[in-house]
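Trainee: I would like to go through the side-chain contacts of this model with you. Could we look at it together?

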Amino acid sequence: MEKRAGLILTGGGARAAYQVGVLKAIAEFLPRRARNPFPVICGTSAGSLNAAALAINARNFHKGVRYLDNIWKNFRAHQVYRTDLVGVFNNTALWLAGMVLSGFGINKLRQISLLDNSPLVEFLEEVLDCEKIQGNIDAGLVHALSITASGYGSGQSVTFYQGVDEIVPWHRARRIGIPAQIGISHLLASSALPFIFPASLINREYFGDGSMRQIAPISSALHLGATRILVIGVTANGNTGQAARADMKDYPALAQIAGHALNSIFLDSMEVDLERVQRINELVAMLPQSVCVQADIKHVDVLVISPSQPIEKIAERYAAELPWTIRLLLRMIGAVHQSGATLVSYLLSEGKFCRALIDLGYQDASKRREEILRFLDGQPLEVVQPGQDDGMPQ
C-alpha cells in the first residue's frame, strides 16, 4: 500500500491564519523547490480556503505557502464581510426581522445573516483559481482535496472531494463523501459560520460551516487514501491547562454564548475523534496482526499541532483593529472585553491579528522541527504530546 501524508486544516474563521504560520515553518524545513508534501489535503470551515490554495499551488509548496502568507498578512475585514454602516446595520435589522417574521410564515428574509459576506465571494474568485486543481491531480501532485460542509436539510456532514478515480464514495452514520468539482461555492459553504454568514446552495441543498456535525474529522483523510495525518488545529488543545472557574453572577451576554457555541463546534468533535484514535491504536497494539486485518483496523500516525497560547487572549489585544461599525455591533450584543474575546477571535480578519497568529504558528512548528520531519519521512512518531494521538479506522 502506498504511503501518503494527509493534511487536515480545521476551521475557525480568522483563526485559520495560525495554520499559515505552521505551514510557513514546514516549507522552510523542505528544499526550496519541493512540491506539495501532502498528497491528501482536507479543509473545513476557514481551513478549506487554505486547503484549496495548497492544492492549487501544489507544484511548488514554498510558492503556495508564500501566497497564503501574503494574503493573510494583508487581510482586512472588509474583504470578508461588509463593514460599511449600511451594510452592517441593514443586514442586522433584516436578520432580526427575518427571525420574527418567519414565525408568521413570511420567509422572504430567511436568507439574511448577521453579516453580509458578499465581499468574500469576490475576493475568493480573485485569489483562488480552482480550475488548476484537476491539473495538479492529473499530474500526480495531489491525490485528493476535500472540503467538508454541513447540510441544513439532510443534517449530514458532507465531504466533497476531488481526486483520483480510484477513490470510492463513502456513506457512514450522519456523514458521507461524494465526488465534486471543487469550486468557490464549496469554500463558501464550508466557511459559513452559523448565524453569522449565509448558507450556500450546492445542487439542491443549503450548506453551512463544515465543523458542524463533523463527528469524525480524521476519517475523511483515511477514506481519501492518507496513511499518516498531520492536523493543524486553531484552538489551544491541552496546552493551556484547565481554565479557572470564574465567579459569574451576571447572566452571560449573547456574544459570550455565541463564542462558547462556536468553540464547541470547532473543538469538541476533534478532541473526541483524537481520543477515539488513541483507544483504537492501543487496541491494535494488543491484538495479533491477523485479527487486525480481519477486523480492518490499523494504526495510523497522527500528529497534531495547535496553538501554544489561547487565541482569545491575542484577540483581546487586537480587537480595536476591527472597523468601528463591527465594534459597535459587537458591543450591542455584549462582546466587550474578555467576555466577547472568543467571538471576536473568529471575526477579527485584520492584518495585525493575522500576523500575530502566523508568528505563533511559525514558532510552535519551529520548536517541533525534528518531530515534523520524522512525520514527513514516514518514520513512526516516538514522542506523543498531550492531546496529540494516533490513527483510527475508516
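Trainee: Which residue meets Glu312 in a salt bridge?
Mentor: Happy to start there! This is a predicted model, where local features need pLDDT of at least 70, side-chain atom pairs count only at pLDDT 80 or more, and totals for chains, interfaces and linings use all residues. Residues are numbered from 1 along each chain as its sequence is written, and side-chain values use heavy atoms, with hydrogens and water left out. A salt bridge needs a side-chain nitrogen of Lys or Arg within 4 Å of a carboxyl oxygen of Asp or Glu, and at 3.1 Å, N to O, the partner of Glu312 is Arg15.

Trainee: How many residues apart in sequence are the parts that this pair ties together?
Mentor: Helices (H or I, at least four residues) and strands (E, at least two) are DSSP runs, numbered from the N terminus. Glu312 belongs to helix 11 (residues 311-318), while Arg15 is in the loop between strand 1 (5-9) and helix 1 (17-29), so the parts tied together are apart in sequence by 297 residues.

Trainee: Are Glu312 and Arg15 buried or exposed?
Mentor: Buried means under 20% relative accessible area, exposed over 50%, and partly exposed in between (1.4 Å probe, protein chains only). By that scale, both Glu312 and Arg15 are buried.

Trainee: Which residue joins Asp69 and Lys73 in a network of salt bridges?
Mentor: This residue also has its charged end over the ring of Tyr362, 5.8 Å from the centre. For that, NZ of Lys or CZ of Arg must be within 6 Å of the ring centre and within 35 degrees of the ring normal. The residue linked with Asp69 and Lys73 is Lys24.

Trainee: What is the angle between the planes of Phe160 and Phe207?
Mentor: Rings of Phe, Tyr and Trp (its six-membered ring) pair if their centres lie within 6.5 Å; planes under 30 degrees apart count as stacked, over 60 as edge-to-face and the rest as tilted. Phe160 in strand 4 (residues 157-163) and Phe207 in strand 8 (residues 205-208) are 47 residues apart. Their centres are 5.4 Å apart and the pair is edge-to-face, with an angle of 75°.
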